[in-house]
Amino acid sequence: MAFKCSASDLASLTNSTAANPSDAVMATFLCGRLDAISNQFVDTAHAVDTTYLLFSAYLVFSMQLGFAMLCAGSVRAKNTMNIMLTNVLDAAAGGLSYYLFGFAFAFGAPSNGFIGRHFFGLKEIPSDSFDYSFFLYQWAFAIAAAGVTSGSIAERTQFVAYLIYSTFLTGFVYPIASHWLWSVDGWASPSRTDGDLLFGSGAIDFAGSGVVHLVGGIAGLWGALIEGPRIGRFDHAGRVVALRGHSASLVVLGSFLLWFGWYGFNPGSFITILKAYNTSGGYYGQWSAVGRTAVTTTLAGSTAALTTLFGKRLLVGHWNVIDVCNGLLGGFAAITSGCSVVEPWAAIVCGFVSAWVLIGFNKLAELAKYDDPLEAAQLHGGCGAWGLIFTGLFAKQRYVDEVYGGTGRKHGWLMGGDGRLLAAQIVEVLVIVGWVTATMGPLFYGLHRLRLLRVSGEDEKEGMDLTRHGGLAYVYHDGDDQLIVAAAPTVKRVGPKNQSPAPNVDDQASTPAV
C-alpha cells in the first residue's frame with residue numbers, strides 16, 4: 001500500500017502551522033519526496049510479484065514438455081508422432097481459445113457466480129485487477145487440463161477430434177469450472193468479495209486438484225468410454241493384454257520434468273510473494289507459505305512414489321518404474337488442492353492414500369474393461385477427487401486464515417473444524433463431475449456418431465504415424481546412409497482408410513505389433 005503524506009501531517013509533527021508560508025513550502029517539498037519514495041517501493045513490489053508470477057508461468061508451461069515425453073513413452077512407437085502432435089495442438093489451440101473466450105469466462109469480473117463476462121480478447125487488460133502475466137499463468141493451467149484428456153484417448157483418436165475437444169475444453173468447460181472456484185464472483189470460491197460463501201467456507205482448491213485434474217480426468221474418462229478400448233487390449237475371454245509403451249526412459253524423464261514444473265503449479269498459485277502476514281515485520285510472510293507449499297508438494301509426491309513402489313511389489317512381485325512414476329504424479333495431483341493450507345506431515349498422509357487410490361482405480365478399470373493408455377482418468381480424476389476430500393479433512397485454520405484472509409475461517413474436520421469445509425469440498429467433486437459429464441460427454445458422443453472420433457481398425461493396427469502423419473517417428477541409417485525403417489517396410493498404403501465407429505470382435509483378439 002502506498003504511503004500518503006500531506007502538509008498538515010508534517011505541520012502537526014513539527015508544531016508549526018500550515019498557514020506559515022515557509023513551513024507550508026517545506027512540508028509540501030518533504031511530502032513530495034516521501035510520496036516519490038513510497039511509489040518506488042510500490043512499483044518494486046509490483047515488479048517482484050510480476051516476475052515471480054511470470055517465472056511460475058514458465059515452470060507450468062514447461063510441464064507441456066513433460067506431458068509430451070510422458071505420453072510419447074507410454075504409447076507404442078507406431079503412434080509417437082501422433083501423440084506428440086496432440087500435445088503441440090493442446091498448447092496452440094488452447095492459446096487462441098483461452099485468449100478469445102476462456103480467460104473472460106473464468107475471470108471476467110464483475111459477473112455472476114456461474115460465468116465471467118468481461119475481458120474477451122484481453123480487452124481492458126492490464127487493469128487494477130489483472131496484468132498480462134496473470135493471463136499467461138492461467139493459460140498454462142488451461143492447456144494442462146487438455147493435456148490430461150489427450151492421454152486417456154491416445155492411440156485411437158482422429159486428429160480432428162483432438163482439435164475440436166481441445167478448443168472446447170480450454171475455451172469453455174475448464175474456464176467455467178475455474179470461475180466457480182477461483183474468481184472473486186464464483187459461487188463456490190473461498191475468496192468471494194460479497195462474503196456469501198458456500199457453507200460459510202467456500203471450497204478450497206488452491207492450485208486445481210478439482211479445477212484442473214478432475215476436469216481433465218473426467219473429460220478423458222468419457223472420451224475413452226465412448227471410443228472403447230484399443231484393439232487387442234482385452235482378449236476374447238476378457239483378460240487384460242498389456243500394450244506397453246515403447247520407452248520407459250521417456251516416461252521417467254517426462255515425470256521429472258512434470259515434478260519440476262509442479263513447483264510453479266502449486267507455489268506459483270499464490271500469484272504474489274511480497275506480502276506480509278502481520279505488520280510487525282520479520283522472517284514470516286507469504287514467502288514462507290510459498291516455501292511450505294513446495295515442501296508439501298515434494299512430500300506428497302515422494303510418499304506416493306514409495307508407497308506405489310512397495311505396494312505394487314507386494315501385489316505383482318516386481319519393481320515397476322512406470323507404476324512408480326504414475327504414483328508420483330498421483331501424489332502431486334492430490335496435494336494440489338490443499339498444498340498451501342496443510343502441514344508437511346499431512347502431505348505424507350495425502351501421498352500415501354493417493355497411491356492406493358490410484359492402484360484401486362486401475363484395478364477397477366481392468367474389471368470394467370476400461371482402457372486408458374496413460375491411466376489419466378484414474379490418476380488425475382481419482383487422485384484429484386481424493387485431494388479435495390483430503391483438504392476438507394486436514395486444512396489448518398491458521399494457514400487458511402493467512403492464505404484466504406480473515407480470522408476464524410472454516411478448516412479441516414480432523415483439525416478441529418465443524419465439517420463445513422469438508423461439505424464444500426464434496427460439493428465441488430460432485431459438481432465438477434456433473435459439469436464435465438454434461439458438456440464433454442455429449443461432445444464425444446456427437447463426434448462418435450459423426451464418425452469423427454475414432455480411426456479405422458486397420459489404421460489403428462498399423463499405427464497412426466504411418467497412416468496419418470506421413471511416416472514413422474523412428475528411422476535408422478546404416479553405414480551407407482541408406483534409410484532403413486524398423487517396422488512395416490513393405491506397407492503399400494500410407495493414407496487413411498474409411499473410419500469405423502468401433503473395432504469388431506475379431507480385431508479385439510489381435511495384438512498389433514509395435
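What volume does the second largest pocket have? In this predicted model, the second largest pocket has a volume of about 1100 Å³. Its lining comprises 44 residues, and those closest to its centre are Arg233, Arg244, Asp323, Glu366 and Glu375. Two or more lining residues come from each of α2, α4, α7 (248-265), α8 (286-316), α9 (321-335), α10 (344-367) and α11. Helix α10 provides the largest share, namely six residues. By class, this lining divides into 21 nonpolar, 13 polar and 10 charged residues.

The largest share, seven residues, belongs to α2. The lining of the largest pocket contains 26 nonpolar, 14 polar and five charged residues.

Across the whole structure, 36 aromatic pairs were found. One of these, formed by Trp386 and Phe390, is tilted, with 5.9 Å between the centres and 50° between the planes. Both residues belong to helix α11 (residues 376-394), where they are four residues apart, about one turn of the helix. Trp386 counts as buried because its relative accessibility is 14%, under the 20% limit. Phe390 is likewise buried, with a relative accessible area of 0%. Elsewhere, ring pairs join Phe101, Phe105, Phe114, Phe120, Phe168, Phe172, Trp180, Trp187 and Trp435 into a cluster.

Charged residues also lie over aromatic rings. Arg292 is positioned over the face of Tyr399, at 3.6 Å from the ring centre, and Lys369 lies over the face of Phe234, at 6.0 Å from the ring centre.

How values were computed. Residues numbered from 1 in each chain as written. Predicted model: local features only at pLDDT ≥ 70, side-chain atom pairs only at ≥ 80, totals over all residues. Heavy atoms only, no water. Phe/Tyr/Trp six-rings, centres within 6.5 Å; stacked < 30°, edge-to-face > 60°. Buried < 20%, exposed > 50% of the residue type's maximum accessible area, 1.4 Å probe, protein only. Lys NZ or Arg CZ within 6 Å of the ring centre and 35° of its normal. Nonpolar A, V, L, I, M, F, W, Y, C, P; charged D, E, K, R; others polar. 1 Å grid on protein atoms, 1.4 Å probe; cavity = no way out; pocket = protein on both sides within 12 Å on 5 of 7 lines; lining within 4 Å. Points joined across faces, edges and corners; volume = space filled by probe spheres on them.
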